[in-house]
2 protein chains.
Amino acid sequence: MGRPKAADHGEKRKAILEKSAELFATHGYDRASVAMLARRCGMSKALFYHYYSEKSEVLFDIIRSHIEDLLAVTDGLTGKHGDDPQRDLLVMSEALLEAYRTADNKHHVQINQLHLLPRNRQKTIKDMERQLVDRFSAAIAPCVPVEARSSGLLKPITMSLFGMLNWNYLWFRDQGPLCRRDYAKLAVTMVLEGAQNARVKALKPGSNIQLHTARFG
Amino acid sequence: MGRPKAADHGEKRKAILEKSAELFATHGYDRASVAMLARRCGMSKALFYHYYSEKSEVLFDIIRSHIEDLLAVTDGLTGKHGDDPQRDLLVMSEALLEAYRTADNKHHVQINQLHLLPRNRQKTIKDMERQLVDRFSAAIAPCVPVEARSSGLLKPITMSLFGMLNWNYLWFRDQGPLCRRDYAKLAVTMVLEGAQNARVKALKPGSNIQLHTARFG
DNA sequence: CCTACCGATCGGTAGG
DNA sequence: CCTACCGATCGGTAGG
């Protein structure tokens with residue numbers, strides 16, 4: 001029988017992830033040396049390698065645990081408001097932005113450094129990201145005109161919402177004029193009002209659709 | 001009199017930027033070695049250093065020239081449609097997305113690798129980015145309710161549009177159902193319809209505003 | 001759980 | 001005396 005893991009093994013790994021995410025976000029993955037990470041965690045390089053045997057596994061675990069958090073806070077939120085799917089979408093978007101409040105470094109690392117992972121590790125992450133996107137797509141679908149669902153507009157609409165929510169780390173400040181819940185409200189309003197006011201003009205199989213809006217024709 | 005620079009000096013540097021942007025986007029700045037860049041450009045490392053005396057200057061020039069392109073294609077586009085500022089905004093957004101068509105690598109590098117530049121070089125870039133954002137803010141301002149302009153909503157609205165347009169490199173495919181012009185139309189419609197349907201409920205100095213929408217109260 | 005190291009590779013520069 | 005360009009190798013530092 002191997003010696004059992006220390007009781008706080010998991011906690012130590014969690015602490016490593018937090019500190020490492022900070023250094024990765026600040027200096028970039030390749031420039032944040034393992035020696036630097038270990039020093040920041042108050043341990044030797046050798047002890048650091050006891051918790052993570054490869055540097056890339058630290059990066060992987062940062063992103064994996066972050067997306068797991070996002071999946072957790074957005075889980076089971078649909079159907080809670082009777083027949084008000086728009087409210088469901090708002091609540092999910094609020095939950096996402098709220099989760100970002102304390103995960104700025106991890107979010108930064110996910111966006112900018114995913115491609116530095118080994119291929120198969122990237123794939124695992126991308127599958128998880130797809131789950132999250134699919135969850136939002138499913139929440140958006142009942143809110144938009146049927147026609148949008150069948151013409152390939154659902155993906156552009158979903159990614160527009162993700163663009164707004166995920167881009168927010170570059171400019172949003174909690175000290176600013178808008179709170180997170182209100183920015184979620186603004187973003188969801190944009191997506192839903194925009195989707196209501198955009199129609200497919202022509203749908204020719206094999207070529208692009210043509211989009212019609214009241215404002216722009 | 002010093003010997004003049006070779007006639008194709010500027011062209012050679014441009015070719016270096018294209019190839020390097022590709023390698024930076026694929027492998028990341030730190031992993032794309034100068035030897036790799038030089039080989040990709042069909043020259044020795046020493047000749048490469050003749051054109052760029054520091055690796056970081058290549059990164060800087062990629063991002064600088066890219067944003068200069070974006071500033072160029074979005075310049076002088078307002079006031080062209082009489083009293084239709086919404087059309088101006090659409091045309092600017094179309095121009096931006098169209099510029100992204102052939103600049104995917106540079107866009108990727110700008111988004112993900114700006115922070116790897118030396119501090120003062122980062123500042124130069126951020127000032128240029130601010131110019132572009134300000135240009136869009138100025139185009140959006142006449143399209144939204146006056147109240148939005150004075151309550152601090154203009155920045156969130158502007159950044160929502162940038163979020164949608166700049167996020168698109170992660171999912172948009174020219175082979176997809178939507179062409180670039182139509183995605184610009186969709187994004188601008190979302191921003192404008194959303195801004196029309198969002199009102200400031202309470203404006204208390206020193207604290208957050210409260211947002212009101214028809215859908216969500 | 002540490003210090004002492006390794007094989008490999010980096011960005012940048014030498015002489016000619 | 002300048003810039004353009006080569007093959008070879010430098011001092012330092014990375015992950016492990």
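# Salt bridges and the contact between two chains

Q: How many salt bridges does the count come to over all chains?
A: The count is 32 salt bridges over all chains. A salt bridge here is a side-chain nitrogen of Lys or Arg within 4 Å of a carboxyl oxygen of Asp or Glu. This is a predicted model, where local features need pLDDT of at least 70 and side-chain atom pairs count only at pLDDT 80 or more, while totals for chains, interfaces and linings use all residues. Residues are numbered from 1 along each chain as its sequence is written, chains are lettered from A and ligands numbered from 1 in the order in which they are written, and side-chain values use heavy atoms, leaving out hydrogens and water.

Q: Why is the pair Glu94(A) and Arg181(A) called a salt bridge?
A: The closest N and O atoms of Glu94(A) and Arg181(A) are 3.8 Å apart. The limit is 4 Å, so the pair qualifies.

Q: What does the pair of Glu94(A) and Arg181(A) tie together?
A: Glu94(A) lies in helix H5 (residues 85-100) of chain A, and Arg181(A) in helix H10 (residues 180-196) of chain A. The pair therefore ties together parts that are 87 residues apart in sequence. Helices are DSSP runs (H or I, at least four residues), as are strands (E, at least two), numbered from the N terminus.

Q: Are Glu94(A) and Arg181(A) buried or exposed, and how do you know?
A: Buried means under 20% relative accessible area, exposed over 50%, and partly exposed in between (1.4 Å probe, protein chains only). Glu94(A) has 15%, so Glu94(A) is buried. Arg181(A) has 54%, so Arg181(A) is exposed.

Q: What makes Glu22(B) and Arg40(B) a salt bridge?
A: Their side chains meet at 3.0 Å, N to O. Glu22(B) sits in helix H1 of chain B and Arg40(B) in helix H2 (residues 34-40) of chain B, 18 residues apart, so the pair links distant parts of the chain.

Q: Why do Glu22(B) and Arg40(B) count as partly exposed?
A: Glu22(B) has 29% relative accessibility, so the label is partly exposed. Arg40(B), at 36%, is partly exposed too.

Q: Where do Asp127(B) and Arg130(B) lie?
A: Both are in helix H7 (residues 119-140) of chain B, three residues apart, about one turn of the helix. Salt bridges that share partners join Arg13(A), Asp61(A), Arg64(A) and Glu68(A) into one network.

Q: How many disulfides are there over all chains?
A: There are zero. A disulfide needs a pair of cysteine sulfur atoms within 2.5 Å.

Q: Why is Cys143(B) called buried?
A: Cys143(B) has a relative accessible area of 5%, so the label is buried. Cys41(B), at 18%, is also buried.

Q: How many residues of chain B are in contact with chain A?
A: 56 residues of chain B are in contact with 56 residues of chain A, where contact means heavy atoms within 4.5 Å. In chain B, Trp167(B), Arg215(B) and Phe216(B) lose the most area to chain A, together 17% of what that side buries. Buried area is the accessible area (1.4 Å probe) that two parts lose on being put together, summed over both.

Q: What makes Asp30(A) and Arg31(B) a salt bridge?
A: The closest N and O atoms of Asp30(A) and Arg31(B) are 3.2 Å apart. The count between chain B and chain A is four salt bridges.
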